[in-house]
Structures are given as structure tokens and as C-alpha cells.
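Please look over the sequence and the structure below before reading on. The paragraphs that follow begin at a single residue and then widen to the chain around it.

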Amino acid sequence: MSQRKWLTVLISLSVLSILVLASFAFQLRDTRHQLESIHSQRLDSYDAIEEIMYFNIERANAIRGLLAYEDRRFLESYYSMSQQAEELKTSITNDPHTPSSLIDLLYRDGIWEQGAAEVLVFYERGDLEAATELAETMTDQRQTILEDLRALKKMQYDDIRKQLIATENQIDVLMQALTSIAILLSAAIIVILFLIFKTRKKNRPQ
């Protein structure tokens, strides 16, 4: 084969090498972005839900304090926590990445909030017995919601852990493939350079 043909093969192989390596690099970057997405989107939703549950606990404590001591200062704490919880709920429900299981949990939490509002209505009417009875029922509901949240969060962490392992394995496979292809292409280029040198030496006038 002539020197010009060897050069053509070398250039073609070099271009092919660049395209293959660029393709793998792009795929590797996309996989890394997928890995980061798993960390951020889902766990953020669960952290927000857990914060709402914290606000609910504080609101429940405020209601108990109001009924036990009849101190209206507990209402200030209740309404403050309610406002912060509502802002978080709005951000979660507007997020398209929020799992439907969490949306359902928010719906149930809304039922709990309706019960809390009814407790305050009874209190304002002066019916402490009815308010206290309803507040005790709400405590059981809140505990059930918290337990379901823990169960959902555990399931979500298990699912994320599996996806992380799968994504990391995919990255390992891509790195191995990228290394193997780079070695093979480098070897092929070295061989072609050697053949070009040999052809040039052969065609050199004696």
C-alpha cells in the first residue's frame, strides 16, 4: 500500500477515534448528570415533606398548649407554622418531579389540617370538651401519617440506592469500554505510523 493510502487510513482512524471518544465522553457526562439528579430531585421532596411533618408536630403542640392553658399566645405559634407549611406544600405540589405517593400524603395532611381548624372553632365557641376530644383523635391521625412518611422514605432510599448502584455500574462499564477503545485505537495508529515509516523507507532511493 502506498504512503498516501496509509496517510488516508491514519487520518480516517484518527477522526474515528475522536468521534468515538467524544461520544463516550458525552455519554459519561450524561450518566453523571443522571446520578446527580437522583440525589437532588427526589430527596429534596422527601426533606420538604419531613419539614411539613415537623410543622405539624409543632402545630399539634400549640393546640395542646392552647387547650391545656387557654393561652392564646399558642395560636401565634400555630398560625406561624401553618403559613410555613403552606408555602412548602405549594412548592411540592407545583414540582412535576414530586412522586404521587407524596401528593397523596399531602392530601391526607390536608384532612388533618381541617381537623385542626375544627378544633379551633370548638375552642372559640367555648366547647373545650369537644375541642379536646377532636384533638386527641387528630393525634392518632398525625402519628399514622408520620409512620407512613417513614415507610415511604425508607422505600425511596432503597430505590435510590438501587439506582445509584446501577448508575455507578454503568459508569464503570463506560470507563472500561472507553479505556479499551482508546488503547486499541492508539495501537492501530502506532501500527499505521510504523507501516508508513516502513513504506517511506522502502520507497527511498538507494
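Glu113 is buried, with a relative accessible area of 17%, where buried means under 20% relative accessible area, exposed over 50%, and partly exposed in between (1.4 Å probe, protein chains only). This is a predicted model, in which local features need pLDDT of at least 70 and side-chain atom pairs count only at pLDDT 80 or more, while totals for chains, interfaces and linings use all residues. Residues are numbered from 1 along each chain as its sequence is written, and side-chain values use heavy atoms, with hydrogens and water left out.

Glu113 sits in helix 3, which covers residues 100–125; helices (H or I, at least four residues) and strands (E, at least two) are DSSP runs, numbered from the N terminus. The chain as a whole has four helices and zero strands, and of its 206 residues, 32% count as buried. Once neighbours within four places in sequence are set aside, Glu113 is in contact (heavy atoms within 4.5 Å) with Arg59, Tyr78 and Lys89.

Lys89 leads on to the charged groups, where a salt bridge is a side-chain nitrogen of Lys or Arg within 4 Å of a carboxyl oxygen of Asp or Glu; by this rule there are six salt bridges. In one of them the side chains of Lys89 and Asp109 meet at 2.6 Å, N to O. This pair links distant parts of the chain, with Lys89 in helix 2 and Asp109 in helix 3, 20 residues apart. Lys89 is buried at 8% relative accessible area, and Asp109 is buried at 0%. Salt bridges that share partners join Arg59, Lys89, Asp109 and Glu113 into one network.

Another salt bridge joins Arg72 and Glu124, whose closest N and O atoms are 2.9 Å apart. Here too the pair links distant parts of the chain, since Arg72 lies in the loop between helix 1 (3–69) and helix 2 (73–93) and Glu124 in helix 3, 52 residues apart. Arg72 is partly exposed, with a relative accessible area of 45%.

The aromatic rings complete the picture: rings of Phe, Tyr and Trp (its six-membered ring) pair if their centres lie within 6.5 Å, and planes under 30 degrees apart count as stacked, over 60 as edge-to-face and the rest as tilted. The whole structure holds three aromatic pairs, among them Tyr69 and Phe74, which are stacked at 6.2 Å centre to centre with 15° between the planes. The rings of Tyr78 and Tyr79 have their centres 5.3 Å apart and their planes at 75°, so this pair is edge-to-face. Tyr78 is buried at 6% relative accessibility, whereas Tyr79, at 48%, is partly exposed.
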